[in-house]
Amino acid sequence: MAKKAKYVYFFGGGKADGKAAMKNLLGGKGANLAEMCSLKLPVPGGFTITTEVCDLYYKLGHKYPAGLDKEVDANIAKLEKLSGKTFGRGENPMLLSVRSGAAVSMPGMMDTVLNLGLNDETLQALIKLTGNERFAWDSYRRFMQMFGDVVMGIEHHDFEHALTEVKERRGAEADTDLDIDGLKDVCKQFENVYKKAGKSFPQDARQQLQAAVDAVFGSWNNTRAIKYRQLNDIRGLIGTAVNVQLMVYGNMGDTSGTGVAFTRDPSTGENAFYGEYLMNAQGEDVVAGIRTPEPISHLADVDKASYDKLVAIRSKLEKHYTDMQDLEFTIERGELFILQTRSGKRTAAAAVKMAIDMVAEKLITEKQAVLRVDPKSLDQLLHPMFDPAAEAATETIAKGLPASPGAATGQIVFDAHTAEEWEEMGRTVILVRIETSPEDIGGMAVAKGILTSRGGMTSHAAVVARGMGTCCVAGCADAVINYTAKTLNAGGRVLREGDWLSLNGSLGTVYAEKVATIDPELTGAFGQIMELADKYRKLGVRTNADTPHDTEVAVRFGAEGIGLTRTEHMFFEGDRIIAMREMILAASQEDREAALAKLLPLQRDDFIGIFKALAGRPATIRFLDPPLHEFVPHDKAGQEKMASVMGVDVQVITDKVESLHEFNPMLGHRGCRLGIAYPEITATQARAIIEAAFEVPDANPEIMIPLVGHVRELAHQKQIVLDVIEQVKAEKGVTKLPFPLLIGTMIEVPRGALTADEVAVEAEFFSFGTNDLTQMGCGFSRDDAGTFLKQYVEEGIYDADPFQTLDRNGVGELVRIAITKGRQTRPNIKLGICGEHGGDPSSVEFCHMLGLDYVSCSPFRVPVARLAAAQAAIKHGAPGALTATKKPVKKTAKKKAKAVKKAAKKVVKKVVKKAATKAKAAKKAVKKTVKKATKKAGKTVTKAKKTVKKAVKKATKKVAKKSAKKKARKKASRR
Ligand code: PEP
Ligand code: MG
């Protein structure tokens, strides 16, 4: 017989049905309450209704599985027995809290009900029992409001309105100024609020509990919880659990209190007890930021016994969980209770420091330390901070709490909605709020920084900002915020919506202007965690860099080479674009070659810079890739300028620009298709690379042909490169290149991936261009898919944006096929990835499983990739589990390679022939250009002229020979 399902798990009296490992079933809160109970920590008893019930609640159309009621009743009885109290009646009434708790913490996103079980009868009992009439009435009015708002769906502001009206009538400023009669009055008014809303407050405690449980399960799918899960990429959970627990009170007078503590500093990672508390308050008073709490160390002066107990619990919990804990506690009339523990949210800096410290303390292993840091969060550490000199010279207009570190500059907005709107418009914003609430989550996510005038280090704003890695200054009482006037008054200044503001989240300082930033230091704990990552990772990590400066930055971040230089990016700077445009707009091959001759030395210098910055590390340099129309001027003024530079009629330019227009340019005349149409572009780029490599002793170039879908495209382009190599070698008077050189291709066209065994005949390496492979594999235009992809992800059609996280089953399969086939032809073919996915942790993990040699990503993501690669190695062991196939069928592969070569020969033959006939014209054109350039640039160009002349002479001679192709091949094989 099948085992009867268990829906409710009890904890209390030092025993528990559950344990920490049961997070998926009991939620994080429930599992840890059970664990703490078993650890004999002072946890108020209670029970947890499982996440499975939440799942069933939705599946059964908001109904519960049979048997649940009985289980709940039995657990209430058990709790009554444990506490010696009775639920909803009697002299010693049992009051309960009802809280949500999913497997992954979603702070403030779901519902909570406190003081449940209060009614007219138990209220009187509570008064008698506590002898504290004010406390009892205060609890009752809080419960009526919370229950009405959260469970009955009555508008929150109706209660607030009624409360304010009583306060005004009775001359009370704060809630605490209301006396017993005032609170009775509030309860009466609240009854009217219920009536007006057509609802009645249930006196029956069991009914109250049922309605509260419904509300908590219902809140799993409220808008803000859904948005939070989306923003934090929380997937695969079946629902929330509901924790029903005995109430303990922090608001029973001066010997009671409540607080939140972290076993280490969640901002810096320092090994110091950290937290805040408030005496005579309930939990939400601390988190909501309504009163500003005291630092935890002050508790020692107020209640030494509780403080000492807390300190002991701090170390017990850390040792047990071997991680920093975030705990909630309440002191009820001198007795300490722990209400929650969980692994604490932390800044990236804190995560890194704690991981390294805990290894030194022998609390965790090196591998655990590597797994402790979220690679994506490293971003926070890599981005610029305010330049100390500029910051010192800027007037501080206000100072608040350094709630979440970093530097942020942006335009002021006063509400979350505007923040989202402005961000869509491309502005950077600072969200300025008196305090934040979960409704603000969307605006907080897009803001560069958050400033609040109220609340402590554990206020909503502080906790959420730290989790997001967003800079935040909280509790900045110096800043007076007026939502109606949309003003921020601070330091004698009045700032309005749209004004610039800068925040230093590490110091808590606020500036009324933009402040310059500098690059971060990558030493200390950061350096150590990176060393550990390097120790365990198997994947190489390169960078995508187009300039010597980017290369230097990437090398500082640990890049082991360049995986992609997009040479087209070199042509946008300064006057280069003019020469580039001349090349594109040229009416004849002669003119184009003349323009290319101007670009050659510029590009050669760039490559020299890059090779030097790499100090021997390899550089994969890709030939021109984008459609040419991207470079030409589309505006009248730009076209007129080009007409005058080139000495032609503006109509000639306009016509040419129009002729370059393409309907779908990303699938158009780009990549190797350009090099095939204009071989002189390929030849010039090859020459620039080879000549530059001659200048730098430890240069290590790899030439990459883009957008290859057919091996013959590659063979065509490769032949041009080989010819240039021969020319340059002859010019330099050497028979062998003094540096290593590989010629390979990008695999970014599905046909290229599917015929990778053929492509590998010519390619010495593959670099997966997963941006284009995603575009063509999924059929999503890179430029336009943004409009609907967001919805695709929201509706769960794709788990994630495939341009950010590699679509493993589709595009990933193309990569897997290409690897397997490529290795059949060339078992040791070098394999990398250079699409955006190379810096995305999930995609890096997949690359490890595919057994790539390296990933390549933008400089700032290099540390992210290093850490993600290490985590993948620790999680999955040896690389290449997905491509480990039987030995390639050598015979068939060899036969196929031969056939491919034979077919490609025809194409290559044409290239050689064409080169020979063109050489003469080229010589003339280059001569003309050199003459012009010499006049302009004097000495330097004279030298260039000689070199080019010499080159052309030799090249002409060579290509004219009938056996050119054969020789070139022979020599190439000696490289
Ligand atoms: C790619 O397609 O993945 C790639 C790296 O090239 P680009 O983004 O320049 O097209
Ligand atoms: Mg591409």
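Author: A polar contact is a pair of N or O atoms within 3.5 Å; within protein, one of the two must be able to donate a hydrogen and the other to accept it. The model shown is predicted. In it, the side chains of Thr330 and Thr258 are joined by a polar contact of 3.2 Å.

Thr330 belongs to strand S12, which covers residues 325–332. Its relative accessible area is 3%, and buried means under 20%, so Thr330 counts as buried. Leaving aside residues up to four places away in sequence, Thr330 touches Val248, Tyr249, Gly250, Gly257 and Thr258, and also Glu335, Leu336, Phe337 and Leu339. Leu614 is 284 residues from Thr330 in sequence, and the C-alpha to C-alpha separation of Thr330 and Leu614 is 58 Å.

Asp233 sits in the loop between helix H9 (223–231) and strand S8 (241–246). Its phi is near 55 degrees, a positive value in a residue other than glycine. With 44% relative accessibility, Asp233 is partly exposed. Lys486 is found in the loop that runs between strand S21 (480–482) and strand S22 (487–490). For Lys486, too, phi is positive, near 55 degrees, in a residue that is not glycine. The relative accessible area of Lys486 is 32%, so Lys486 is partly exposed.

Key
Residues are numbered from 1 along each chain as its sequence is written. Chains are lettered from A and ligands numbered from 1 in the order in which they are written. This is a predicted model: local features need pLDDT of at least 70, side-chain atom pairs count only at pLDDT 80 or more; totals for chains, interfaces and linings use all residues. Side-chain values use heavy atoms; hydrogens and water are left out. Helices (H or I, at least four residues) and strands (E, at least two) are DSSP runs, numbered from the N terminus. Buried means under 20% relative accessible area, exposed over 50%, partly exposed in between (1.4 Å probe, protein chains only). Contact means heavy atoms within 4.5 Å.
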